Amino acid sequence: MSGLEIRELEAFLVLAEELHFGRAGERLYVSQSRVSQLLRSLEGRIGATLVERTSRRAELTPLGEKFLAELRPAYEALRAAVDHTRATARGDGGVLRIGFQGTIDDHLANAIGGFEKHYPDCAVELTEIPLADPFGSLHRREVDAAVVLLPVEEPDLVLGPVFSRQPQVLAVSSRHPFARRESVTVEELAECPLIGIRGPAPEYWRHAQAPEITPEGRRIPRGPTAGTLQEGMGLAAAGQGGMMLCRSTAEHQGRRDSVVFVPLTGLPESVLGVVWHAEDSGRARAFAGEIAVRARS
């Protein structure tokens with residue numbers, strides 16, 4: 001254990017899930033070479049190879065598989081011990097860490113207020129989730145629950161109540177021909193490059209936020225990609241494409257001289273959902289219950 005760094009263990013655990021150095025680096029917010037460096041350091045301490053590298057992917061060795069099986073529960077127990085001790089030091093009933101995408105609307109704010117009322121000894125911490133990484137904070141256990149745009153198809157995450165169904169709009173430059181329209185149909189997206197979202201968001205989620213084909217099979221041109229909402233707005237203002245948003249997010253952006261938000265018809269509504277890790281329960285489920293109560297009202 002001499003000199004062992006927790007970052008080496010985290011790099012191994014993420015690489016074991018992704019089996020790809022590039023994607024592991026994206027999730028850890030470090031370079032691909034840094035992931036390789038951390039792994040080499042860990043293997044040096046152990047004295048054996050844990051991961052076989054190829055030109056395309058990575059594969060765990062038999063020893064790596066055994067190490068993963070023993071490390072994962074120990075690592076999660078360590079994280080739980082830190083969280084519990086932190087809660088004890090604060091003298092409260094624990095902490096509920098909530099991640100959210102975009103803005104905190106009235107529905108979410110009321111749910112947080114309801115949770116605080118019913119669980120006064122539990123502190124609530126709010127963290128904004130990057131647009132380009134909707135599930136990373138949950139995978140890394142940095143938050144207990146997250147409010148994100150659907151869809152959610154992660155096998156280790158639980159989707160709770162859904163809410164905030166909103167019509168979609170298209171953000172375009174004020175100079176774009178669509179800017180003078182009262183609305184735009186989904187089929188007309190074939191005439192406008194769509195601004196996409198960069199990884200590490202999974203491909204199915206990125207395609208939902210910026211589809212590549214219309215319902216009638218027309219190809220939608222690909223525009224540049226953005227990592228944040230503000231970056232996407234900047235690309236739209238510069239006339240490099242249109243960006244799909246829900247109506248409430250567009251309203252939160254306020255009036256802009258350089259960007260126009262045009263109603264988009266023919267697509268399903270944008271929907272938010274509460275998500276938590278399958279191995280967690282308790283506070284996250286209690287918070288989801290507050291969301292559910294308000295979704296029914």
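**Reading burial, sheets and helix packing**

User: Let's start with Ser 173: buried or exposed?

Analyst: Buried, because its relative accessibility is 3%, and the cut-off for buried is under 20%. Keep in mind that this is a predicted model.

User: Where does Ser 173 sit, and which residues is Ser 173 in contact with, leaving aside neighbours within four places in sequence?

Analyst: Ser 173 belongs to strand β7, residues 168-173. With those sequence neighbours set aside, its contacts are Ala 179, Ala 236, Ala 237, Gly 239 and Ser 258.

User: Now the sheet. In what order do the 5 strands come?

Analyst: Read across, the order is β4-β3-β5-β13-β6, in an open sheet with mixed pairing. Strands β4 (123-128) and β6 (157-166) are the edges, each pairing on one side only. From one strand to the next, the twist averages 20 degrees. For a parallel pair, look at β3 (residues 95-100) and β5 (residues 145-149), joined by 3 bridges; there, Gly 99 is opposite Ala 146 of β5. Helix α5 (residues 106-118) packs on this sheet and touches β3, β4, β5 and β6, with its direction at about 155 degrees to that of β4.

User: And how do I read two packed helices?

Analyst: You describe them by the angle and the distance between their axes. Here, the axes of α1 (residues 6-18) and α3 (residues 32-46) come within 9 Å, crossing at roughly 110 degrees. So α1 is roughly perpendicular to α3.

User: Which residues meet there?

Analyst: From α1, they include Leu 9, Phe 12 and Leu 15; from α3, Leu 38, Leu 42 and Arg 45 are among them. By class, the contact has 7 nonpolar, 1 polar and 3 charged residues.

Notes. Residues numbered from 1 in each chain as written. Predicted model: local features only at pLDDT ≥ 70, side-chain atom pairs only at ≥ 80, totals over all residues. Heavy atoms only, no water. Helix = DSSP H or I, 4+ residues; strand = E, 2+ residues; numbered from the N terminus. Buried < 20%, exposed > 50% of the residue type's maximum accessible area, 1.4 Å probe, protein only. Contact = heavy atoms within 4.5 Å. Pairing = 2+ DSSP bridges. Axes fitted to C-alpha atoms, helices over the stretch in contact; angles between N-to-C directions. Parallel < 35°, antiparallel > 145°, perpendicular 65-115°, else oblique. Nonpolar A, V, L, I, M, F, W, Y, C, P; charged D, E, K, R; others polar.
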